[in-house]
Amino acid sequence: MKTSVTIQKIPKQPLAVTAYETIVKKIICLEYLPSQHLEETQLVEDLGIGRTPIREALVRLQGEKMVESHPNKGVIVRPITLQNTKAMFESMVIFEFGVVDVAINKNCSTFIKKMKQANETVKKAILSNKVFKLVEANHEFHMNFAKCSQNEFLIRAVDDARKEAKRLSYLSYDNIIDPARPIEIHYESVVKEHDQIIDSLVNKDKSRLKQLLQGHIETFRQRIIIYMTS
């Protein structure tokens, strides 16, 4: 007697999601440069996707402040400015300190596990020189840290600031900014700081955790400032 086997088909990802993810990657990897005008016709050609999903993706990107709509210019990639960068770093400190205040009293075990996994991916990406994977894994680490708060408003706020940080990370990755501190040493210290953040979270050491976050953000801030003003 033959047994019938039902093959479950995996549903295809909606085209609007594919368009969104592709445009995001191109913005982060600077294929679409800051202030660049995103022509709808060109996007259709670049992505091989129809106009409707691309329009849906652009609406989502505008909501996430990765692109801006201007009456005379249409849609442009959000510019990177010193003012925006300064505001982003200020926000990071405020939001992530807020995460500490809330998360310290929560059970964070699920998200700590994911933070460890993300940091392992960061290490592998550094060794294989896969910059986009490194940037994404670093973002994943910090978003799982934010999720330790189990507070949707804090998570959303951290996500907004950290999305802006992705472009800056990619922008500064392969540039010799400080000869005394090569990029390899910088990212080795990032991995070590991630491990220390995890340990402090596990041990519920609030003051140490804030101290580590302050230093972690400041290291990144100094690197970006040197890059932008060099």
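Mentor: In this predicted model, a residue counts as buried when its relative accessible area is under 20%.

Trainee: Why is H216 called buried?

Mentor: The relative accessibility of H216 is 7%. The cut-off is under 20%, and therefore H216 counts as buried. H216 belongs to helix α9.

Trainee: Which residues does H216 touch, leaving aside those up to four places away in sequence?

Mentor: H216 touches H142, V190, E193, H194 and I197. One of these, H142, is itself a buried residue of helix α6.

Trainee: What makes α6 a mostly covered helix?

Mentor: Of the 17 residues in α6, 12 are buried. Among them are V131, L134, V135, F141 and F145.

Trainee: How do you know that the span of α6 agrees with its number of residues?

Mentor: Helix α6 covers residues 131–147, and at 1.5 Å a residue these 17 residues should span 24 Å.

Trainee: How does the reach of helix α1 compare with the length expected for it?

Mentor: Helix α1, residues 15–28, has 14 residues and reaches 20 Å from its first C-alpha to its last, close to the 20 Å expected at 1.5 Å a residue. Its buried residues include A16, Y20, I23 and I27. Just after α1, L30 takes a positive phi of about 65°.

Trainee: How many helices and strands does the protein have, all told?

Mentor: The protein has nine helices and two strands. Along the sequence they follow the pattern α-α-α-β-β-α-α-α-α-α-α. Of its 230 residues, 43% count as buried.

Trainee: What makes F89 and F220 an aromatic pair, and how are their rings arranged?

Mentor: The count of aromatic pairs comes to one. The centres of F89 and F220 are 5.3 Å apart, with 70° between the planes. Ring centres must lie within 6.5 Å to pair, and planes over 60 degrees apart count as edge-to-face. The rings of F89 and F220 therefore form an edge-to-face pair. This pair links distant parts of the chain, with F89 in helix α4 (residues 82–103) and F220 in helix α9 (residues 206–229), 131 residues apart. Both F89 and F220 are buried.

Trainee: Why is R60 said to lie over the face of Y20?

Mentor: R60 is at 3.5 Å from the ring centre of Y20. The distance limit is within 6 Å, and the charge must also be within 35 degrees of the ring normal. R60 is listed as lying over the face of Y20. In a second case, the charged end of K25 sits over the ring of F132, 4.8 Å from its centre.

Trainee: How do you know that C108 is in no disulfide?

Mentor: The structure holds zero disulfides. For C108, the nearest cysteine sulfur is that of C148, 4.0 Å away. A disulfide needs sulfur atoms within 2.5 Å, so C108 is in none.

Trainee: Why are C108 and C29 each called buried?

Mentor: C108 has a relative accessibility of 4%, and C29 has a relative accessible area of 14%. Each value is set against the limit of under 20%, so C108 counts as buried, and so does C29.

Conventions:
Residues numbered from 1 in each chain as written. Predicted model: local features only at pLDDT ≥ 70, side-chain atom pairs only at ≥ 80, totals over all residues. Heavy atoms only, no water. Helix = DSSP H or I, 4+ residues; strand = E, 2+ residues; numbered from the N terminus. Expected span 1.5 Å × (residues − 1). Buried < 20%, exposed > 50% of the residue type's maximum accessible area, 1.4 Å probe, protein only. Phe/Tyr/Trp six-rings, centres within 6.5 Å; stacked < 30°, edge-to-face > 60°. Contact = heavy atoms within 4.5 Å.
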